Amino acid sequence: MAKISGKILAVAAVLAVQTSVLAGASAEESKFILREYNGNVALFYDSSDEPAAVYRTPIEHFYPADRELLEKGIILGTREELRQLIEDLGLE
C-alpha cells in the first residue's frame, strides 16, 4: 500500500500545480473527478452526482491521507491524467 500512497500524493501534488495554472478554473469546469462513492472509488464527469464508473477497489485499501483526498475528490483535466491515475492506483 505504500506504493499507492506515494503515487496518489505525488499525482495530487502535480494536479494541484496544474490546476493553479488554470486561472479561474473551477471544479465545475473540470472534466473528470475521482472520488469515494459508497465505499469504493468512482469516476464522475464534471459536477454530476451520478458516477460514470465505479471501481471495485474499496476505499479502505488506501491510507487515511489518500482516503481524505478521494473523499474530497481528485480533479483531472484530461483523459491522459485520468488514465495515468487509474493505472497508478491500480483501480479495477
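Modeller: One term before we start: two strands count as paired if DSSP finds at least two bridges between them. And keep in mind that this is a predicted model.

Colleague: Got it. So which residue stands opposite Phe32 in β2?
Modeller: That's Tyr45. The two strands involved, β1 (residues 32-37) and β2, pair in the antiparallel sense over six bridges.

Colleague: How many residues sit between β1 and β2 in the hairpin?
Modeller: Two residues lie between them, and Asn38 in that turn has a positive phi of about 50 degrees.

Colleague: And what does Phe32 partner with in β4?
Modeller: Leu76 is its bridge partner there. β1 and β4 are antiparallel too, with three bridges.

Colleague: Zooming out, what is the strand order in the sheet?
Modeller: The order is β3-β2-β1-β4, an open sheet of four strands with antiparallel pairing. β3 and β4 (74-76) are the edge strands, each pairing on one side only. On average, neighbouring strands are turned by 25 degrees against each other, direction ignored.

Colleague: How many bridges join β2 to β3?
Modeller: Three, with β3 covering residues 53-58. Leu43 has Ala53 as its bridge partner in β3.

Colleague: Is β2 mostly covered or mostly open?
Modeller: Mostly covered: five of the six residues in β2 (residues 40-45) are buried.

Colleague: New topic, the helices. Which strands does α2 lie across?
Modeller: Helix α2 (residues 64-72) lies across β1, β2 and β4, at about 115 degrees to β1. Helix α3 (residues 79-89) lies across β1, β2, β3 and β4, running at about 35 degrees to β1.

Methods: Residues are numbered from 1 along each chain as its sequence is written. This is a predicted model: local features need pLDDT of at least 70, side-chain atom pairs count only at pLDDT 80 or more; totals for chains, interfaces and linings use all residues. Side-chain values use heavy atoms; hydrogens and water are left out. Buried means under 20% relative accessible area, exposed over 50%, partly exposed in between (1.4 Å probe, protein chains only). Axes are lines fitted to C-alpha atoms, for helices over the stretch in contact, and angles run from 0 to 180 degrees between N-to-C directions. Contact means heavy atoms within 4.5 Å.
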